[in-house]
Amino acid sequence: MQYLEIEGGRKLSGSVRIGGAKNAALPVIAATLLSDAPVTIENLPNVVDIRTLLKLLSMLGAKVEHEGNRALIDCSKIHSTRAVYEIVAQMRASILVLGPLLSRFGECEVSLPGGCAIGQRPIDLHLKALESMGAEIEIMGGYVHAKSPEGGLHGAKIIFDKISVGATENTLMAAALAHGTTEIINAAREPEIVQLCEMLASAGLPIEGIGSSRIKITGSGGVPLHFPNAIRIIPDRIEAGTYLCAGAITYSQITLEHVNMEHLQSVIDKLENMGCSFVAQEDELTILPPAQRLREVNIVTAEYPGFPTDMQAQCMAVATLAEGESLIEERLFENRFMHVSELNRLGADIWLKGNVAAVRPVEELNGADVMATDLRASSALVLAALAAKGTTRIRRIYHLDRGYEDLQGKLAALGAAIERKSE
């Protein structure tokens, strides 16, 4: 079992290049199922989740050539439309193959992600949208069995009860080969959705409302799509935000290369509230730490363009060393505070009441043995360890490898004392 050992208390400096966005790359990879011609994807992050989805496509019959940050995917000879539990259980985003498989091949079987029950989990929005387009859906043996009507899926007006990134993506991909126009109301607006829409539009599909909560897309009527150019994945706003937090919590000046400032605005706003300042130049962003102690901050997570839930844990780590009490309200996920007990092991003073965390000021954090519980919680512990006195050992770092490309190497290049060890 591998773990990270971090000796805290060091200033960081230098620049770090931000990689492609994992959450944008996953639906782009799934969308290659809509084509019977090879598709090139560039600026892919080299993380476990990407390799997992590429493995799933290979199991379905796609020819995948993946090297470094580039992949060539040929889905012309798909021989299976069954996405097995062994792969889907590893990553919830694997459910994104449901829409394109159904739309192109007329039927498919996709394991429920993580073996979860339907209940109140967001997958029910995916299924209702597909049913609105004419699909017949049954849940049997832990699999979603979906079949399109004779002649294929048809356009529909779909109103989501709540905003869901995954359901918006699956609906867009299903609608891409459907007959007629599909209108999605209360659609997610994340940059990752915009990238998927732009990819589909590049194949000639008429799409209105890109970047808005109301999207109209006219399908190809069953004709597979051809993407004329390579798809280049947008910069990862969550990776970028994490390094900004590294600069803030260690009071260090760090420059980020290859970022999109617009995608980061809500995070920048909160760090400015805490006393940090920024210098932007084209696709580079430099964080300048406050001259005095960080100030407290109030954060409420929300759908884009609000404050991202994927940055909540990292900003909580920064807030542990602020001069006043910060309040952080998590409105999107029920169990997104599992990092609190581990941050408290490092000397933080965080109290929970329902979906609100009160982060009370402490003078310093101290190294300890901690355990990561999920991807973003892992990065929050790394940030806290960078600022803590003494040595911190973080276990279960396989969570980190799902979404951060070479986090250890990038932080070490900035001056952090960080090593990956085995026990």
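Is D49 buried or exposed? I looked it up: D49 counts as buried, at 2% relative accessibility. Buried means under 20% relative accessible area, exposed over 50%, and partly exposed in between, with a 1.4 Å probe and protein chains only.

**Ground rules.** I am working from a predicted model, where local features need pLDDT of at least 70, side-chain atom pairs count only at pLDDT 80 or more, and totals for chains, interfaces and linings use all residues. Residues are numbered from 1 along each chain as its sequence is written, and side-chain values use heavy atoms, with hydrogens and water left out.

**Salt bridges.** I found 19 salt bridges in the structure. Each is a side-chain nitrogen of Lys or Arg within 4 Å of a carboxyl oxygen of Asp or Glu. D49 pairs with R402, and their closest N and O atoms are 3.0 Å apart. R402 lies in helix 13 and D49 in helix 2 (residues 48–60), so this bridge ties together parts that are 353 residues apart in sequence. Helices (H or I, at least four residues) and strands (E, at least two) are DSSP runs, numbered from the N terminus. R402 is partly exposed, at 25% relative accessible area.

Next I checked R395. It bridges to D369, with the closest N and O atoms 3.8 Å apart. R395 sits in strand 23 (residues 391–395) and D369 in strand 22 (residues 369–371), so the pair joins parts 26 residues apart in sequence. A network of salt bridges links E5, D369, R393, R395, K421 and E423.

**Cores.** I then turned to the largest nonpolar core, which has 79 residues. Such a core is a set of buried Ala, Val, Leu, Ile, Met, Phe, Trp, Tyr and Cys residues joined through side-chain atoms within 4.5 Å. Among the members that touch the most others are I29, L57 and I73. Helix 1 gives the most to this core, 7 residues. A second, separate core has 72 residues, including A322 and Y404.

**Contacts of L57.** What does L57 touch, leaving aside its neighbours within four places in sequence? I noted I29, T32, L33, A62, I73, C75 and V97 as its contacts. Contact means heavy atoms within 4.5 Å.

**Lining.** Last, I looked at what lines the largest pocket. Its lining residues divide into 21 nonpolar, 11 polar and 17 charged. Ala, Val, Leu, Ile, Met, Phe, Trp, Tyr, Cys and Pro count as nonpolar, Asp, Glu, Lys and Arg as charged, and the others, Gly among them, as polar. Helix 1 supplies the largest share of this lining, 4 residues.
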